[in-house]
Amino acid sequence: MGATATGKTALAVDLVQRFPFDIISVDSAQIYRGMDIGTGKPDADTLRIAPHRLIDIRDPAQAYSASEFREDAVREIDKVRESGRVPLLVGGTMLYFKLLRDGLASMPAADAAVRSKIEAVADADGWHKVHEQLARVDPVSAARIHPNDPQRLQRALEVFLVSGRPLSSFHQQPVHQTDSGKSSLIFHFFALQAPSREVLHHRIADRFRQMLADGLVEEVDTLYRRGDLSLSLPSMRSVGYRQVWRYLSGEMRYDAMVERGIIATRQLAKRQLTWLRSWDSVQDLYGTLPQTSDEVLNFMRSISI
């Protein structure tokens, strides 16, 4: 686990070459085909030596829920264990990790009409207006969901509008366990941390500029020209893609796009770090990649993985 730009993929690739691990991606953006540069997806050479499960499993026009991820991840975990290897879950989508750890509460199904109404409010007045609406009906969820987190804002308000109950009330009820063998899963959580917030911010800026140099604008332009995608889709609201999309549509200049992309990535990292601070039984790992790798290996030996 860890914030964006902390080196999770590089560490995972190092580990699979030393241990009988199979990597399962825990990333809500890397699931989409054709979204490679901006999601930090491993390149073809890396995937040959360290295959990743649960990447490239959806078209960007398709929705993919957290509950679908949980079902897919548990299935892949079972497959890896049946092969005699150890699942290594790698990513920064903390909600996905939480559902694997805690199970899934029974939630109202998605409602396309309600979502369209929420998106209309966001398009007209901004996501901060959606956040204000959520704060009036579910202040607990509004307090923990950032105004710049459209996907979670939309889902939280949708749950209330569909059910008449705040999302926070569903989180307080006993989870519904539907996965056979779930109780046999034991997770060990490792949080890869940057040496300091300043270092992380420098990495984020350098990484975003490198993505642009590697062809991020061209990648988003290909998606933009398809004609069946828009910023109302979770895929196109991903950090980096949303800002480049707005640049391509003429909403902002190039320099502003770069600045907004870096700021949005920093905000994502801040939300990820907030999740990690609240996480129980997590082993924090600091330092440069070689030092961190050795720390992980020693800790794994100590708990007999």
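I took helices (H or I, at least four residues) and strands (E, at least two) as DSSP runs, numbered from the N terminus. The model is predicted, so local features need pLDDT of at least 70 and side-chain atom pairs pLDDT 80 or more, while totals for chains, interfaces and linings use all residues. Residues are numbered from 1 along each chain as its sequence is written, and side-chain values use heavy atoms, without hydrogens and water.

Helix 10. I looked up its end first: just after helix 10, Gly215 has a positive phi of about 110 degrees. The 18 residues of helix 10 (197–214) should span 26 Å at 1.5 Å a residue, and the end C-alpha atoms agree, being 25 Å apart; the expected span is 1.5 Å times one less than the number of residues.

I then listed the residues of helix 10 that are buried (under 20% relative accessible area; exposed is over 50%, partly exposed in between, with a 1.4 Å probe and protein chains only). They are Leu200, Ile204, Ala205, Phe208, Met211 and Leu212. They lie on the same side of helix 10 because they cover an arc of only 135 degrees around the axis, taken from the directions from the axis to the C-beta atoms. The face turned away from that side carries exposed Glu198, Asp206 and Ala213.

Strand 4. I checked residues 189–192: Phe189 and Ala191 point one way, Phe190 and Leu192 the other, and all are buried. Strand 4 pairs with strand 5 (282–285) in the parallel sense over four bridges; pairing requires at least two DSSP bridges. I noted Asp284 in strand 5 as the bridge partner of Ala191.
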